[in-house]
Amino acid sequence: VTAAYLALAASSLALTRWSNDLAAVWPANAVLLFFFLIRPWRSWWPACTLGVLAGFASNSWGGAPLALSAIFGMVNVAETCFAAYLLQAWLGERLN
């Protein structure tokens with residue numbers, strides 16, 4: 001999951017950069033969301049940690065300042081966790 005997240009994040013930054021240094025599309029979150037939806041929430045923490053680190057690495061390699069890279073990494077994983085939580089709460093057993 002981490003390798004796919006890192007590869008997609010780096011690709012997104014390379015292919016969809018705008019002049020304001022933001023990627024227009026972030027498909028790496030889709031990989032993480034899929035993982036979260038098929039795994040129990042107790043197993044999310046390692047993936048969250050590695051996702052933040054992968055997001056930080058891809059953003060800093062893409063040229064973003066270190067503090068901003070850390071913020072982007074945390075926000076991307078947080079929004080994915082929130083989306084997975086909401087989907088599991090609303091859909092419940094239908095996801096399985």
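The model is predicted, so local features require pLDDT of at least 70 and side-chain atom pairs count only at pLDDT 80 or more, whereas totals for chains, interfaces and linings use all residues. Residues are numbered from 1 along each chain as its sequence is written, and side-chain values use heavy atoms, with hydrogens and water left out.

**Whole chain**

Helices are DSSP runs of H or I with at least four residues, strands are E runs of at least two, and both are numbered from the N terminus. Along its principal axes, the C-alpha trace spans about 40 × 20 × 20 Å.

Of the 96 residues, 30% count as buried; this means under 20% relative accessible area, with exposed being over 50% and partly exposed in between (1.4 Å probe, protein chains only).

**Helix H2**

Next, select residues 28–38, helix H2, and show its buried residues: Ala-28, Asn-29, Leu-32, Phe-35, Phe-36 and Leu-37. Their cover includes helix H1 (2–15), H3 and H4.

Centre on Ala-28, which is buried at 0% relative accessibility. Beyond residues up to four places away in sequence, Ala-28 touches Tyr-5, Leu-8 and Ala-9; contact means heavy atoms within 4.5 Å.

**Helix H3**

Move to residues 44–61, helix H3, and pick Ser-58. Ser-58 is buried, at 2% relative accessibility. Leaving aside neighbours within four places in sequence, Ser-58 contacts Leu-6, Ala-9, Ala-10, Leu-13 and Trp-26.

**Helix H4 and the surface**

Finally, select Leu-68, Ile-71, Met-74 and Val-75 and display the surface: these residues make a nonpolar patch of about 340 Å². Patch members have over 30% relative accessible area and no salt bridge; nonpolar side chains (Val, Leu, Ile, Met, Phe, Trp, Tyr) are joined within 5 Å, like charges within 9 Å. A salt bridge places a side-chain nitrogen of Lys or Arg within 4 Å of a carboxyl oxygen of Asp or Glu. Areas come from the Shrake-Rupley method with a 1.4 Å probe; for residues, only the protein chains shown count as cover. Ile-71 belongs to helix H4 (residues 66–91) and is partly exposed at 45%.
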